[in-house]
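Please open the model in your viewer and keep the selection panel at hand.

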Amino acid sequence: MKTTSPPLAGVVGWPIGYSRSPALHGHWLKRYGIAGYYIPMDIAPQDFENGVRSLPRLGFRGINVTLPYKQTVLPLADKISDRAALIGAANTLIFREDGGIYADNTDGYGFIENLRQNAAGWSARNGPCLVLGAGGAARGIVSALITEGAPEIRIANRTRQRAEILKDQYGARISVIDWNRAADAMDGAMTIINTTSLGMAGQPELNISFAAAPASAIATDIVYNPLVTPFLREATAAGLVTVDGLGMLLHQAVPGFRQWFDHSPEVDAALRQAVLAA
Ligand code: ATR
């Protein structure tokens, strides 16, 4: 008798204990009655390549890749999506039936979908965007904003040189702003984004005035613990529409789940609750 094995996927990182992805995918598997598994895997750097290459043979259809492997995973791929190539990092691998590994980056997609679904009328084209921070998270977001047609992107980072590097890579629509002038750069900005770790539980707060921001601007944070950061609280007090960072995490997981488990999952309040409770 022929048996079909359950679809397997998972997340590889080091350490992996803090990842919310197992709770997220686990919620969807249960909810849609899919007899599959999504498994967290702690793999040390010296075992990473062999570990990942052995997964297709074990029945895995793909994996998410998280810190510290988002960049180092690229050489393992046979094919890299345009957006992953542009960012220089991947978070989603598809193990193809022909044995190939396809690497994609869905962080920018998650960022854009979160705003589209939670801020009525939002588009990157609405006007200048102000990006606070120039680390790995900023890279994915800046790249997505450019692809979505943002007319101008202002980047302010404590270490100015990292913002200059993004400008060198992504080009003419980017301007670099001094970190201590970031509040002034809100003038005319329609999308204001915190991509720094400031405001995360255990980190210093990001205290910035929204006085110069247009009343119709949207503020969003990539930090989701806590859900309402001091940055978002200030923005709300100034009358802006705000979108918290949890939705980005949830939406970036959609393309992988769809590929591995052949089902388009929904991002809704029940999923938010399940992930927050994990
Ligand atoms: P990630 O990959 O999550 O973006 P990262 O590459 O370490 O992580 O980037 C963290 C971001 O938060 C950077 O923009 C960092 O600024 P620097 O490039 O100057 O380090 C920013 N950040 C972290 N702590 C900060 C602080 N105390 N004040 C201002 N910016 C800070």
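Begin by selecting proline 226, which lies in the loop between β11 (218–221) and α7; helices (H or I, at least four residues) and strands (E, at least two) are DSSP runs numbered from the N terminus. The peptide bond that joins asparagine 225 to proline 226 is cis, with omega near 10°.

Before moving on, two remarks on the model are in order. Residues are numbered from 1 along each chain as its sequence is written. The model is predicted, and local features need pLDDT of at least 70, side-chain atom pairs count only at pLDDT 80 or more, and totals for chains, interfaces and linings use all residues.

**Backbone exceptions**

Select next the bond from tryptophan 14 to proline 15, which is also a cis peptide bond, with omega near 0°. Proline 15 belongs to the loop between β1 and α1. Then go to aspartate 262, a residue other than glycine with a positive phi of about 55°. Most residues other than glycine have a negative phi, and most peptide bonds are trans. Aspartate 262 sits in the loop between α9 (254–261) and α10 (269–277). Is aspartate 262 buried or exposed? Aspartate 262 counts as exposed because it has 12 C-beta neighbours inside 10 Å. The classes used here are buried (20 or more other C-beta atoms within 10 Å of the residue's own), exposed (12 or fewer) and partly exposed (in between), with C-beta atoms placed from the backbone.

**The loop between β1 and α1**

Select serine 19, in the loop between β1 (8–13) and α1 (21–31). Serine 19 is buried, because 20 other C-beta atoms lie within 10 Å. Leaving aside neighbours within four places in sequence, serine 19 is in contact with Val11, Gly13, Pro40 and Thr66, where contact requires C-beta atoms, placed from the backbone, within 7 Å. Arginine 20 is in the loop between β1 and α1, but with 18 other C-beta atoms within 10 Å it is partly exposed. Apart from residues within four places in sequence, arginine 20 contacts Leu249, Val275 and Ala278.

An unreviewed UniProt entry lists a "binding site" feature at positions including Ser19, Arg20, Thr66 and Gln252. UniProt positions follow the numbering used here, feature names are shortened, and annotations may be inferred rather than shown by experiment.

Now highlight glycine 10, in strand β1. Glycine 10 is buried, with 21 other C-beta atoms within 10 Å. The C-alpha atoms of glycine 10 and tyrosine 38 are separated by 4.4 Å, although the two residues are 28 residues apart along the chain.

**The ligand shell**

Which residues are the closest to the ligand? They are Gly135, Gly136, Arg158, Thr159 and Thr196, in a shell of 15 residues; a residue belongs to the shell if its C-beta atom, placed from the backbone, lies within 6 Å of the ligand. Helix α5 (residues 136–147) provides the largest share of this shell, three residues. By class, the shell holds five nonpolar, eight polar and two charged residues; Ala, Val, Leu, Ile, Met, Phe, Trp, Tyr, Cys and Pro count as nonpolar, Asp, Glu, Lys and Arg as charged, and the others, Gly among them, as polar.

Colour domain 1 (8–106 + 253–277) and domain 2 (108–245) separately; the bounds come from an automatic or database domain assignment. Their centres, taken over C-alpha atoms, are separated by 26 Å. Eight residues from domain 1 and seven residues from domain 2 form the contact. On the domain 1 side, helix α3 (residues 82–87) gives the most, with three residues.

Next, display the largest nonpolar core, in which Cys129, Leu130, Val131, Ile141, Ile155 and Ala189, of 81 residues, touch the most other members. Such a core is a set of buried Ala, Val, Leu, Ile, Met, Phe, Trp, Tyr and Cys residues joined through C-beta atoms within 7 Å. Helix α5 gives the most to this core, with six residues. The core draws at least three residues from each of domain 1 and domain 2.

**Final stop**

Select residues 245–273, where UniProt (unreviewed entry) places "domain: SDH C-terminal". Over residues 245–273 the chain is 69% helix and 0% strand, and the end C-alpha atoms are 14 Å apart.

Technical notes: Contact = placed C-beta atoms within 7 Å.
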